[in-house]
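Trainee: I would like to learn how to read side-chain features in a structure. Could you take me through them one at a time?

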Amino acid sequence: MTFDYDLFVIGAGSGGLAASKRAASYGAKVAIAEYDLVGGTCVIRGCIPKKLMVYGSHFPALFQDAAGYGWQLDNFLLDWEHFITSIDQEVRRLSQVHISLLEKAGVELIAGHAKFLDPHTIEINDRKITADKILIAVGGRPAKPDLPGIEYSITSNEIFHLTAQPKHIAIIGAGYIGTEFACIMRGLGSEVTQINRNHLILKGFDEDIRTAIQEGMSNHGINMIQNTEVTAIAQVPEGLKLNLSGDDQEPIIADVCLVATGRDPNVEGLGLQNAGVDVVPGSVEAGYCTTCAIAVDEYSQTNQPNIFAVGDVTDRLNLTPVAIGEGRAFADSEFGNNRRKFSHETVPTAVFSNPEAATVGWTETQAREKLGDAVTIYRTSFRPMYHSLTGKQERIMMKLVVDTNTNRVLGAHMVGENAAEIIQGVAIAVKMGATKQDFDDTVGIHPSAAEEFVTMR
Ligand code: FAD
């Protein structure tokens, strides 16, 4: 049987772009479908615009710090429209760059919503297209809990397009997205209330990271509400009123409410049933829907042998470099005569909160679950030299989780300035299986904060 394409990719985000270009580089005839701006969540409404907002939010604190070093800076004001418009322009520029890269790679871009008609046939813009192999890389979208008045809330998709800076923003959810936006908006000068149904933010991260960030955020003036759930949102003359249940029952009045309670794989309208593609049987937590993630094996293959899925739609590790890595491993395996798996082990990640955090490898809890008492923890907490002149009480926390028997470093965790930049380098050592002795044998760069990673005793 002949097909229109060797590979048809649905979704031009991190995973789809990487896979389509890699497959085309092996000579495959490839098309990619996208119904929105090319670039996907990361480029259009995720990592990139968020990190630009993070950078923007750091300035007021830096201006204050500068005074400690003798600089006199009067009246600094944020031009919100300039800020939001500049970020939007950069996002659109990057989207164009990705379109050019597809053209250069010889991948055909087809604008529109793609849907399966059968395991080899896609319908897009009333056109039927056949392909030998099909890659589903449709990502995810914000999930909103089912609450009265939830329609008045926004998600991370809309926060990049607010026409005015909120005076008071209420954030429901304490995962990394809610936590990062709480810090961004506080840094920019908004009053922020973050509502968390648990006692600590950032479930799944090392407990010391969770505690250090939560304390840091409170010190920066973020109102952190714990063990509390929002039961309803209503419009009132002053803005939005959030009713609460749990430890804190005093209603909150805010002008914007951001919901960041999880993301759903983007499978609606994809016609998975027409292709007989299985989804993951799993639990449905409030806000999270793991039952609709696409079920794949370690080669990202679905139950249909010619259909594959990568990235957030498989709900494995929802990060851009992971989607890219899975996409490339798929293309190498299926078109490059190099069958290989993408390793989900020891993937470093960061939380761009303030204070920032980054982590690689096992948390202390994971290590103790697996190794019992044979775990040694090295931890340090100190005031960075930079703040000796600013008068601020900011701190850095670093932690190594070590297997006592082998001396191998199983996890490295950090909270504080430049954590992501520092942990990226440490991650190489952890991935390579470095021991604590290897860390000790490495000479520090002085004076730096990072040198503490090789001087902890
Ligand atoms: P996506 O990038 O979401 O791409 C999927 C694409 O498919 C989209 O463009 C969509 O429009 C398109 N599509 C969907 N259905 C169809 C269809 N039927 N037909 C045609 N096109 C379709 N990760 C990090 O590593 N670091 C970060 O700092 C970070 N920050 C984030 C911040 C936020 C606010 C969010 C929401 C996410 C963040 N992420 C971050 C996660 C990261 O963005 C995702 O893990 C990554 O984009 C997933 O890539 P993907 O290819 O699976 O899907």
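Predicted model: local features only at pLDDT ≥ 70, side-chain atom pairs only at ≥ 80, totals over all residues.

**Reading side-chain contacts**

Trainee: Which residue meets Glu90 in a salt bridge?

Mentor: First the general idea: side chains of opposite charge can pair when their charged atoms come close. Here the side chain of Glu90 meets that of Arg93 in a salt bridge, with 2.9 Å from N to O. Arg93 is partly exposed too, with a relative accessible area of 44%.

Trainee: How many residues apart are Glu90 and Arg93 in helix H4?

Mentor: They are three residues apart in helix H4 (residues 80–105), so about one helical turn separates them.

Trainee: How many salt bridges does a search of the whole structure find?

Mentor: The search finds 20. One of them joins the side chains of Lys392 and Asp65, at 2.7 Å from N to O. Lys392 belongs to the loop between strand E19 (375–382) and strand E20 (396–403), while Asp65 is in helix H3 (residues 47–68), so this pair ties together parts that are 327 residues apart in sequence.

Trainee: What about Glu364 and Arg368, and how far is N from O in their salt bridge?

Mentor: Their side chains meet at 3.1 Å, N to O. The two residues are four apart in helix H10 (residues 364–371), which means that about one helical turn lies between them. Glu364 is buried, with a relative accessible area of 17%, whereas Arg368 counts as partly exposed at 35%.

Trainee: Which residues are linked with Glu364 and Arg368 in a network of salt bridges?

Mentor: Asp206, Asp208, Arg379 and Lys399 are linked with them in that network.

Trainee: Let us turn to rings. How many aromatic pairs does the structure hold?

Mentor: It holds eight aromatic pairs. To read one, look at the distance between ring centres and the angle between the planes; over 60 degrees counts as edge-to-face. Trp80 and Phe83 form an edge-to-face pair, with 5.8 Å centre to centre and 65° between the planes. These two are three residues apart in helix H4, so they are separated by about one helical turn.

Trainee: Are Trp80 and Phe83 buried or exposed?

Mentor: Trp80 counts as buried at 7% relative accessibility, and Phe83 counts as buried at 11%.

Trainee: Which residues form an aromatic cluster?

Mentor: Look for Phe59, Phe63 and Phe76, which form one cluster.

Trainee: Where does the charged end of Lys133 sit?

Mentor: For this feature, check where the charge lies relative to the ring face. The charged end of Lys133 sits over the ring of Phe335, 5.3 Å from the ring's centre. Another case is Lys29, which lies over the face of Tyr5 at 5.0 Å from the ring centre.

Trainee: Tyr5 makes me curious about Thr130. Which residues does Thr130 touch, leaving out those up to four places away in sequence?

Mentor: Start by placing the residue, then list its neighbours. Thr130 is in strand E6 (residues 127–136) and is buried, with a relative accessible area of 17%. Thr130 touches Tyr5, along with Thr2, Phe3, Asp4, His120 and Thr121.

How values were computed
Residues numbered from 1 in each chain as written. Heavy atoms only, no water. Salt bridge = Lys/Arg side-chain N within 4 Å of Asp/Glu carboxyl O. Buried < 20%, exposed > 50% of the residue type's maximum accessible area, 1.4 Å probe, protein only. Contact = heavy atoms within 4.5 Å. Phe/Tyr/Trp six-rings, centres within 6.5 Å; stacked < 30°, edge-to-face > 60°. Lys NZ or Arg CZ within 6 Å of the ring centre and 35° of its normal.
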